[in-house]
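Please read it with the sequence at hand.

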Amino acid sequence: MPDAFEKQITLLGKPDHYVKEGEGSIYAVVRIDPSGAPQVKVGHTNCMDRRKNEYLRCESTGHAVYWQFHCKVEKRMLVERLIHLTFMDLNATVVRYPCPGCGIRHREFYSLDITGGLDAVEDIMAFWVWATGGEFEKRRV
């Protein structure tokens with residue numbers, strides 16, 4: 001089975017599938033799990049306003065979701081996948097419990113035990129935006 005690095009190289013060599021979906025944003029949100037540990041989600045969307053409204057359901061019952069930042073990119077699905085592969089390479093755990101706010105089992109929240117915390121997540125995002133030909137301009141949400 002190929003490791004995360006091999007998968008990343010393969011994706012960079014075959015970007016056509018990911019180019020078709022167009023530009024949009026990648027974003028990072030953080031939530032706190034029942035034990036108090038932070039979990040991070042890096043996702044993509046073609047409409048940040050819609051995505052923020054979707055997460056309002058989570059917050060409506062007092063479950064905190066902290067928006068960290070987002071960045072406009074041309075290959076949002078590719079960048080998101082490369083970031084997720086990096087998380088997996090860093091032994092991140094995908095969290096699989098229903099959201100206490102809205103009851104949905106959100107996909108792709110990761111429990112990361114990495115030095116640097118959210119700054120490291122930001123660095124990973126910035127690297128893959130740059131590696132796919134973009135420029136990382138962080139925008140606080």
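Helix H3 gives the most to the lining of the largest pocket, with 5 residues; helices (H or I, at least four residues) and strands (E, at least two) are DSSP runs, numbered from the N terminus. The model is predicted, so local features need pLDDT of at least 70 and side-chain atom pairs count only at pLDDT 80 or more, while totals for chains, interfaces and linings use all residues. Residues are numbered from 1 along each chain as its sequence is written, and side-chain values use heavy atoms, with hydrogens and water left out.

**Pockets**

- A pocket is an open set of points on a 1 Å grid over the protein atoms alone, where a 1.4 Å probe fits, with protein on both sides within 12 Å along at least five of seven lines, and its lining residues have an atom within 4 Å of a point.
- The largest pocket holds about 300 Å³ of space, and of its 15 lining residues Tyr27, Lys41, Arg51, Tyr55 and Arg107 are the closest to its centre.
- Strand E2 (38–45) and helix H3 (48–59) each supply at least two residues of the lining of the largest pocket, which by class has 4 nonpolar, 3 polar and 8 charged residues.
- The second largest pocket has a volume of about 180 Å³, and Pro38, Val40, Leu112, Gly117 and Leu118 lie nearest its centre among the 13 residues that line it.
- Two or more residues of the lining of the second largest pocket come from each of E2, strand E5 (109–111) and helix H5 (117–131).
- By class, the lining of the second largest pocket has 9 nonpolar, 3 polar and 1 charged residues.

**Cysteines**

- The structure holds 0 disulfides, a disulfide being a pair of cysteine sulfur atoms within 2.5 Å.
- Cysteine 47 is partly exposed, because its relative accessible area of 31% falls between the limits for buried (under 20%) and exposed (over 50%), taken with a 1.4 Å probe on protein chains only.
- Cysteine 71, in turn, counts as buried because its relative accessibility is 1%.

**Nonpolar cores**

- A nonpolar core is a set of buried Ala, Val, Leu, Ile, Met, Phe, Trp, Tyr and Cys residues joined through side-chain atoms within 4.5 Å.
- The largest nonpolar core has 21 residues, with Ile26, Ile83, Phe87 and Met125 making the most contacts inside it, and strand E1 (24–32), E2, strand E3 (65–73), helix H4 (76–89) and H5 each give it two or more residues.
- Leaving aside neighbours within four places in sequence, phenylalanine 87 is in contact (heavy atoms within 4.5 Å) with Val40, Val42, Ala92, Tyr110, Leu112, Val121 and Ile124.
- A second, separate core of 11 residues includes Val29, Met48, Cys58 and Cys99.

Note on methods: Points joined across faces, edges and corners; volume = space filled by probe spheres on them. Nonpolar A, V, L, I, M, F, W, Y, C, P; charged D, E, K, R; others polar.
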